[in-house]
Amino acid sequence: MVTSLFAEITREMPHLKIKYLVRRNALSIADLTKAYPAITVVDVPTSPLGALKKVLPLLVRRSVVIAPPPWGARPFILKILSFLFILRGDRVIAFADGGKWQPYSALIVHDRTKRYIDNLRAAVALAFLPTSPIGSPPCLQLLSLLPLDFPFITRSYIVIHPFPHMSTNKTMPLGRWKQFVQELRRLYPAYGIVITGADVDSVQAQELTTSDGDVFLAIGRPLIEVAGLIEHAALYIGVDTGPTHIAGVLHAPSVILAQQKEPMWLPTYNPNAILIWEKKNCVCNIPGGECIVWEEGKSYRRCVYDISDKMLLSAVSAKLHMV
């Protein structure tokens with residue numbers, strides 16, 4: 001979302017230089033920005049002294065600084081840096097993090113009823129910079145690559161990303177995914193299947209392979225390769241996690257297993273996506289309601305766990321018939 005926001009700004013102001021300060025995943029984020037020469041990713045160390053050493057040289061030029069919504073209290077070192085920018089006369093826009101010291105030129109409250117991209121656009125408006133209109137879908141260009149060993153041609157395969165980050169809450173049990181892959185192979189033999197995931201997903205991904213060899217495992221691949229696989233696929237099927245948002249900003253044809261617990265994070269901005277979830281037994285928005293189902297020691301949210309094969313295959317059919 002942040003990268004697509006920068007794409008909007010530089011489209012209107014092509015001579016603007018953007019320094020994107022990140023404290024993790026710098027290489028992956030740099031991959032996402034390669035199509036935009038105006039954007040430079042700065043890998044900021046986690047240590048306070050290392051962060052100061054890396055960021056202080058940026059004070060040479062006058063700047064506008066935008067601090068995206070934090071996951072919790074913003075690190076003190078970042079507040080110190082913001083204070084230094086303000087002393088120099090720069091404009092610093094930040095989302096309120098609940099802390100007592102807010103050393104910023106202007107504060108904005110993160111509106112959880114609005115899409116994440118529109119919260120960012122509202123912050124940029126306070127910085128007097130141009131962006132796309134509120135409510136318009138974000139769009140991103142990628143200098144994407146396909147794996148050198150990739151066996152399928154463009155639009156001849158389906159990408160499936162069944163693994164959410166660090167939790168099973170947003171997905172179905174592995175046995176359901178295995179059954180689903182087998183049914184896809186039976187119904188759509190002309191399409192290959194590509195399973196994407198992180199290194200930690202490799203054992204589970206092996207369970208999803210089939211005997212006919214038409215399932216390609218892209219596990220632990222660079223993010224730019226994952227983006228390339230999604231961009232050139234006939235269809236992307238995924239849960240609410242990072243690659244799904246890459247599919248969103250690429251406007252890729254998608255079927256998304258959504259969930260109601262955190263609707264602000266859903267890729268509802270993708271005009272080519274179908275979002276499905278089962279509302280019948282979902283009680284996560286009811287006070288005291290138990291949202292979780294347990295199976296073999298793993299937790300799943302009811303709205304995803306109860307998605308039927310019929311519902312999922314119907315959405316896939318609708319998207320593939322549009323190809």
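This report describes strands, a helix, aromatic rings and nonpolar cores in one predicted model.

Residues are numbered from 1 along each chain as its sequence is written. Because the model is predicted, local features need pLDDT of at least 70 and side-chain atom pairs count only at pLDDT 80 or more, while totals for chains, interfaces and linings use all residues; side-chain values use heavy atoms, with hydrogens and water left out.

Helices (H or I, at least four residues) and strands (E, at least two) are DSSP runs, numbered from the N terminus. Two strands pair if DSSP finds at least two bridges between them. An open sheet of 6 strands runs in the order E8-E7-E6-E9-E10-E11, with parallel pairing. E8 and strand E11 (273-276) stand at the edges with a single partner strand each, so one side of each has no neighbour in the sheet. From one strand to the next, the twist averages 15°. (Axes are lines fitted to C-alpha atoms, for helices over the stretch in contact, and angles run from 0 to 180 degrees between N-to-C directions.) E6 and E7 pair in the parallel sense over 4 bridges, and tyrosine 157 stands opposite glycine 192 in E7.

H8 packs on this sheet, touching E6, E7, E8 and E9, and its direction makes about 130° with that of E6. Buried means under 20% relative accessible area, exposed over 50%, and partly exposed in between (1.4 Å probe, protein chains only). In helix H8 (residues 223-231), 7 of the 9 residues are buried, so the helix is largely enclosed by the rest of the structure. The buried residues are Ile224, Glu225, Val226, Ala227, Gly228, Leu229 and Ile230. Besides strands, they pack against helix H2 (26-33) and helix H9 (242-249); contact means heavy atoms within 4.5 Å.

**Strand E3**

In a regular strand the side chains alternate between the two faces of the sheet. E3 pairs with strand E4 (residues 91-95) in the parallel sense over 4 bridges, and alanine 67 has alanine 94 of E4 as its bridge partner.

**Aromatic rings**

The structure holds 9 aromatic pairs. Rings of Phe, Tyr and Trp (its six-membered ring) pair if their centres lie within 6.5 Å; planes under 30 degrees apart count as stacked, over 60 as edge-to-face and the rest as tilted. Two of the pairs are given below.

| Pair | Centre to centre | Angle of planes | Type |
|---|---|---|---|
| Phe150 and Phe152 | 5.5 Å | 90° | edge-to-face |
| Phe150 and Tyr157 | 4.9 Å | 80° | edge-to-face |

Phenylalanine 150 counts as buried at 12% relative accessibility, and phenylalanine 152 does at 15%. Tyrosine 157 is also buried. Phe150, Phe152, Tyr157 and Phe216 form one aromatic cluster.

**Nonpolar cores**

A nonpolar core is a set of buried Ala, Val, Leu, Ile, Met, Phe, Trp, Tyr and Cys residues joined through side-chain atoms within 4.5 Å. The largest has 48 residues, and those with the most contacts inside it are Phe6, Tyr157, Val159, Val194 and Ile230. Leaving aside neighbours within four places in sequence, valine 159 is in contact with residues including Val194, Leu229 and Ile230. A second, separate core of 32 residues includes Phe163, Ile195, Leu235 and Leu312.
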